[in-house]
Amino acid sequence: PAFHDTSLVCSGDLSYLGTAWRRDIAFAGLGCSLQGDFSAGEMIRGVKDVDPDRRDRLISLLKIDEGWRMMRVSDGQRRRVQICIGLLKPYKVLLLDEITVDLDITGRLALLEFLEEECEQRKCTIIYATHIFDGIEPWITHYAYLEEGKLKRGGEVSTFTEIKEKKLLFVIEDWLRKARDARREKKLKNPDNREKPSYTKMNMAFGNRHMAFFR
């Protein structure tokens, strides 16, 4: 597992950016945003042993106002601060899980350009799981398509012949529709649905088909 060997994370060789800063609060609700009466600048500059030039570039790239109060920011602003802090220190392998979901198009493309530059200059590896495909085609070098926990397709992007004829979004849509039709022919239930919600575990109907891209 990615974090089984904690020394990888502690050494900085492996880094992860994923779920939003949220928590469940009894009698208040699920997925409540983490917040406090402190500024974005305090959080970012509170990280020690960071290259100041890299920090300033990330703040500019993500268009972060250091005066933002973290108890008053939007989801997109909170996500920008989270990404900035997660990228402050260099890494050898970076795992991204739906990290751009709260960013606008220009912010997402700017982040992808930064990550591409990271790979080319520092020779690091980035694994990016996402369902947002805007601008992703020229960025990827490898791809992996998983369904039901199994790798169905994968390899170098040069073997991904379908995207030469149509956009990635339509290719993935075609794969999903074929998987749905095959499931219906076998009279199998959609694995995303849950008959009896669990009261002890988060049993949300998250999809089980994922696309991962590599650089």
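## Glu-118 and its helix

Author: Glu-118 sits in helix H5. The model is predicted.

Reader: Why is Glu-118 called buried?

Author: Its relative accessible area is 7%. Buried means under 20%. Glu-118 therefore counts as buried.

Reader: What makes the pair of Glu-118 and Tyr-91 side chains a polar contact?

Author: The two side chains come to 3.0 Å. A polar contact needs a pair of N or O atoms within 3.5 Å, one able to donate a hydrogen and the other to accept it. Along the sequence, Glu-118 and Tyr-91 are 27 residues apart. Their C-alpha atoms are 9.5 Å apart.

Reader: Which residues does Glu-118 touch, leaving out those up to four places away in sequence?

Author: Arg-54, Tyr-91, Lys-123 and Cys-124. Lys-123 follows H5 and has a positive phi, near 60 degrees.

Reader: How do you know that the span of H5 is close to the expected one?

Author: H5 covers residues 105–122, which is 18 residues. From first C-alpha to last, H5 reaches 26 Å. At 1.5 Å a residue, 26 Å is expected.

Reader: What covers the buried residues of H5?

Author: The cover includes H3, H4, strand S4 (93–97) and strand S5 (125–130). Among the buried residues of H5 are Leu-111, Phe-114 and Cys-119.

Reader: Met-70 lies in the loop between helix H3 and helix H4. Why is Met-70 called buried?

Author: Its relative accessible area is 2%. The cut-off is under 20%, so Met-70 is buried. The C-alpha atoms of Met-70 and Ala-40 are separated by 6.3 Å, though the residues are 30 apart along the chain.

Note on methods:
Residues are numbered from 1 along each chain as its sequence is written. This is a predicted model: local features need pLDDT of at least 70, side-chain atom pairs count only at pLDDT 80 or more; totals for chains, interfaces and linings use all residues. Side-chain values use heavy atoms; hydrogens and water are left out. Helices (H or I, at least four residues) and strands (E, at least two) are DSSP runs, numbered from the N terminus. Buried means under 20% relative accessible area, exposed over 50%, partly exposed in between (1.4 Å probe, protein chains only). The expected span of a helix is 1.5 Å times one less than its number of residues. Contact means heavy atoms within 4.5 Å.
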